[in-house]
Amino acid sequence: MAGIPFSSLTTTCDVRSGRGVLGSAAQAGPTCVRTDDRTVFENAIRALEAEVSNAGAHLFADASARQSYTRQIAAVTRELRARVESGALTWRQAAELANEERNTIMEIVRGRSTPVGRAMAESLKTQGKTLNELIARKAAQLFGKDVKFAALTVEQQNAVYGAIVESAGTSNPKVTATMLRMSRAGRALIVVSLAISVYNIATSDDKIGTAEREVAVTGAGIAGGVAGGALAGLACGPGAPVCVTVGAFVGGALAAFGVDHFW
């Protein structure tokens, strides 16, 4: 114990034992083990590493889902426009299909997002708009807010339907730009987490055991983050990104601590 200040020690006791490690074999009492601040620090670093991986995985997964959504709705629009130009569909039919496809793709992508990503998306748009809502909006944008769609000519109505098809193939540019930045941040955090793991393994005497522990703690942090976010989503309801984000980070930290403690 020489050279270690007493203030840098913490004491934990095992009440199941019949003697203390600091006493004699005949002394009754709990088993007490002193842990220095280095162990506490290392545990904190492992938790931080797990949270970095958790955040990186969330950001990267949600940004990838957004990019997939953008690609799919653009492809739908190109296909529907081509079918109208070939005479296979009318503009109204294309508008109906475009709206249905966009809403379907949106729900599928949200299902593949993390709980945090889904909560963020729902806070911006709870659900897709109906065709009638889109008709009213596009008609007002093209021909004035007081216009009645039924009073428009066939050519004007087709222009409204065409605008709906075009808009179905575009995503919110601000959201897309934000998700692109998040994707880059997510990749950077994953690289940082991997670098920490590599350093821990390289400086360890038991490289195989440390590698297994790093994988377990990191995996638990990511899985715990997803589970924690999902539980928070159930508790807070849809469209509550702050609550879900807190749940994800708490879940990730608890899972990482749990695996690290029992490793």
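Trainee: Is Val-246 buried, partly exposed or exposed?

Mentor: Buried means under 20% relative accessible area, exposed means over 50%, and partly exposed lies in between (1.4 Å probe, protein chains only). Val-246 counts as partly exposed because its relative accessibility is 49%. This is a predicted model, in which local features need pLDDT of at least 70 and side-chain atom pairs count only at pLDDT 80 or more, while totals for chains, interfaces and linings use all residues. Residues are numbered from 1 along each chain as its sequence is written, and side-chain values use heavy atoms, with hydrogens and water left out.

Trainee: Which residues make a nonpolar surface patch with Val-246?

Mentor: Patches are made of residues with over 30% relative accessible area and no salt bridge; like charges are joined within 9 Å, and nonpolar side chains (Val, Leu, Ile, Met, Phe, Trp, Tyr) within 5 Å. Here Val-242, Val-246, Val-250 and Leu-254 make a nonpolar patch of about 390 Å². Val-246 itself belongs to helix 8, residues 241-262.

Trainee: How many helices and strands does the protein chain have?

Mentor: Helices (H or I, at least four residues) and strands (E, at least two) are DSSP runs, numbered from the N terminus. The protein chain has 8 helices and 2 strands, and their order along the sequence is β-β-α-α-α-α-α-α-α-α. Of its 263 residues, 35% count as buried.

Trainee: How many salt bridges does the structure hold?

Mentor: A salt bridge is a side-chain nitrogen of Lys or Arg within 4 Å of a carboxyl oxygen of Asp or Glu. The structure holds 2 of them. One joins the side chains of Glu-166 and Arg-81, at 2.9 Å from N to O. This pair links distant parts of the chain, with Glu-166 in helix 5 and Arg-81 in helix 1 (residues 37-85), 85 residues apart. Glu-166 is partly exposed at 36%, and Arg-81 is partly exposed at 25%.

Trainee: With which residue does Glu-96 form a salt bridge?

Mentor: Its partner is Arg-92, and the closest N and O atoms are 3.2 Å apart. Glu-96 and Arg-92 are separated by about one helical turn, because they are 4 residues apart in helix 2. Glu-96 is partly exposed at 29% relative accessibility, as Arg-92 is at 36%.

Trainee: Is Asn-99 buried or exposed?

Mentor: Asn-99 is buried, since its relative accessible area is 9%. Asn-99 lies in helix 2, residues 91-112. Contact means heavy atoms within 4.5 Å. Leaving aside neighbours within four places in sequence, Asn-99 is in contact with Lys-129, Thr-130, Leu-131 and Leu-134. A polar atom of the Asn-99 side chain lies 3.1 Å from the backbone oxygen of Lys-129.

Trainee: How many aromatic pairs does a search of the whole structure find?

Mentor: Rings of Phe, Tyr and Trp (its six-membered ring) pair if their centres lie within 6.5 Å; planes under 30 degrees apart count as stacked, over 60 as edge-to-face and the rest as tilted. The search finds 1 aromatic pair. Phe-149 and Tyr-161 form this edge-to-face pair, at 5.5 Å centre to centre and with 65° between the planes. The pair links distant parts of the chain: Phe-149 is in the loop between helix 4 (131-143) and helix 5 (154-168), and Tyr-161 is in helix 5, 12 residues apart. Both Phe-149 and Tyr-161 are buried.

Conventions:
Areas by Shrake-Rupley, 256 points an atom, 1.4 Å probe, with all protein chains shown as cover. Polar contact = N/O pair within 3.5 Å; in protein donor to acceptor, adjacent residues only side chain to side chain.
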